[in-house]
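Here are a few notes from my pass through the model, for you to read with the coordinates open. Have a look before you go on to the points.

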Amino acid sequence: STVVRQVQHWVGGEKAMHKTPKERLRFAVVCASNQNRSMEAHARLMKHGFNVSSYGTGATVKLPGPARDKPNIYSFGTPYKQILEELKEQNINLYKQNGVLGMLERNVKVKTAPENWQRDSVIPFDIVITFEKRVFDTVYEGL
């Protein structure tokens with residue numbers, strides 16, 4: 001029937017009919033730099049079998065630097081592993097103590113590199129979770 005075909009299309013086709021609801025729904029989690037909050041949520045949802053992607057909405061990826069006014073700035077798409085190695089070379093003790101290295105080690109296990117919502121999100125998502133009002137505004141403006 002037409003209704004069954006529409007529902008199958010909405011959840012990803014006939015193959016999706018054998019998936020659980022949490023596998024069928026497509027989640028996006030979004031923060032500013034696709035480093036901290038969105039990646040923690042991505043890791044936890046992925047661990048529990050959810051179909052999830054994560055993104056950032058900033059112009060660049062910003063991480064704490066040696067001083068508050070000197071952040072480390074990277075382009076979206078720079079591999080987490082590369083960022084991790086560069087920060088280890090810069091000051092392994094500082095970035096270990098402030099938790100940045102641990103965060104990047106987690107990120108490496110989840111996906112290759114930070115992605116930008118405006119540029120990289122092409123999958124239609126069923127649920128989008130944002131972690132800041134300004135991030136919500138950016139996502140909402142793009143819908």
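Is phenylalanine 50 buried, exposed or partly exposed?

1. This is a predicted model, and my first point settles the question above. Phenylalanine 50 comes out as partly exposed, at 26% relative accessible area. Phenylalanine 27 has a relative accessibility of 9%, so it counts as buried, the cut-off being under 20%.

2. On the aromatic side, the count is five pairs. One of them joins phenylalanine 27 and phenylalanine 50 edge-to-face, with 5.3 Å centre to centre and 90 degrees between the planes. That pair ties together distant parts of the chain: phenylalanine 27 belongs to strand S1, while phenylalanine 50 sits in the loop between H3 and S2, 23 residues apart.

3. Now the sheet. It is open, with three strands ordered S2-S1-S5 and parallel pairing. S2 (51-56) and S5 (127-130) are the edge strands with a single partner each, so one side of each has no neighbour in the sheet. From one strand to the next, the twist averages 20 degrees.

4. If you zoom in on S1 (residues 26-31), you'll find four bridges joining it to S5. Valine 29 is opposite isoleucine 129 of S5 there.

5. Two helices to check against the sheet: H3 (residues 37-47) lies across S1 and S2, at about 175 degrees to S2. H7 (residues 133-141) lies across S1 and S5, and runs at about 145 degrees to S5.

6. Last one: Tyr55, Trp117 and Phe125 make up one aromatic cluster. Lysine 111 lies over the face of tyrosine 55, 5.7 Å from the ring centre.

How values were computed. Residues numbered from 1 in each chain as written. Predicted model: local features only at pLDDT ≥ 70, side-chain atom pairs only at ≥ 80, totals over all residues. Heavy atoms only, no water. Pairing = 2+ DSSP bridges. Axes fitted to C-alpha atoms, helices over the stretch in contact; angles between N-to-C directions. Contact = heavy atoms within 4.5 Å. Phe/Tyr/Trp six-rings, centres within 6.5 Å; stacked < 30°, edge-to-face > 60°. Buried < 20%, exposed > 50% of the residue type's maximum accessible area, 1.4 Å probe, protein only. Lys NZ or Arg CZ within 6 Å of the ring centre and 35° of its normal.
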